[in-house]
Amino acid sequence: MSDKKRARQFLPFDGLAGYGSLIREAGREKEKKRPLSEDRAAMLDSMAGNLRKGELLQITFYDRDCYRTILGTLEMVDSIGRRLCLEGKKIDFEDIWEIEGR
């Protein structure tokens, strides 16, 4: 038996696909959404109004139960629906904590 075939038989078996990531997600510490001050909300609204498709941005936003930061290219700004799309992730304006241009 070749070394590759022999090594393959000792690979871990994942009988419950995705179970490990589910356990890691459940063990993660949950964070409450921070309230936005009127000044911060006005600043974010003005920044969102000046964003252009194709810009490289770093956005910190509230995602379900914690804050996440994404760095990527802006794909869409929907001022009527009050959301933007960055790297395939749709983010509501109300969930944005910080926007940084790169």
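1. A search of the whole structure finds two aromatic pairs. Rings of Phe, Tyr and Trp (its six-membered ring) pair if their centres lie within 6.5 Å, and planes under 30 degrees apart count as stacked, over 60 as edge-to-face and the rest as tilted. Y62 and Y67 have ring centres 5.1 Å apart and planes at 65 degrees, so this pair is edge-to-face. Y67 also pairs with W97, again edge-to-face, at 6.2 Å centre to centre and with 65 degrees between the planes. Together the ring pairs join Y62, Y67 and W97 into a cluster.

2. A word on provenance before going on. This is a predicted model, in which local features need pLDDT of at least 70 and side-chain atom pairs count only at pLDDT 80 or more, while totals for chains, interfaces and linings use all residues. Residues are numbered from 1 along each chain as its sequence is written, and side-chain values use heavy atoms, with hydrogens and water left out.

3. For Y67 the relative accessible area is 15%, which is why Y67 counts as buried.

4. What does Y67 touch? Not counting residues up to four places away in sequence, the list is E31, K32, K33, R34, T60, F61, Y62 and W97, where contact means heavy atoms within 4.5 Å. S79 and Y67 are 12 residues apart along the chain, and their C-alpha atoms are separated by 22 Å.

5. D65 is worth a look in your viewer. D65 lies in the loop between β1 (56-63) and β2, and D65 is buried because its relative accessible area is 16%. Leaving out residues up to four places away in sequence, D65 touches R28, K30 and E31.

6. Two backbone angles deserve a check. Most residues other than glycine have a negative phi, and most peptide bonds are trans. R82 has a positive phi of about 55 degrees although it is not a glycine; R82 lies in the loop between β2 and β3 (83-86), and its 33% relative accessibility makes R82 partly exposed. E87, also not a glycine, has a positive phi of about 55 degrees. E87 is found in the loop between β3 and β4 (89-92) and is partly exposed, with a relative accessible area of 46%.

7. Now for two exposed loop residues. S79 is in the loop between β2 and β3 and, at 57% relative accessibility, counts as exposed. R52 is in the loop between α3 (38-49) and β1, and R52 is exposed with a relative accessible area of 52%. R52 and E29, 23 residues apart in sequence, are 34 Å apart in space, C-alpha to C-alpha.

8. On the overall fold, the protein chain has three helices and five strands, in the order α-α-α-β-β-β-β-β along the sequence. Helices (H or I, at least four residues) and strands (E, at least two) are DSSP runs, numbered from the N terminus. The radius of gyration is 20 Å, whereas a compact globule of 102 residues would have one near 13 Å; the value is taken over C-alpha atoms, and the globule rule is 2.2 Å times the number of residues to the power 0.38. The C-alpha atoms fill a box of roughly 65 × 30 × 25 Å along the principal axes.

9. Finally, some totals for the chain. Buried residues make up 24% of the 102 residues. Among contacts between residues at least 6 apart in sequence, 51% join residues at least 24 apart.

Definitions and conventions: Buried means under 20% relative accessible area, exposed over 50%, partly exposed in between (1.4 Å probe, protein chains only).
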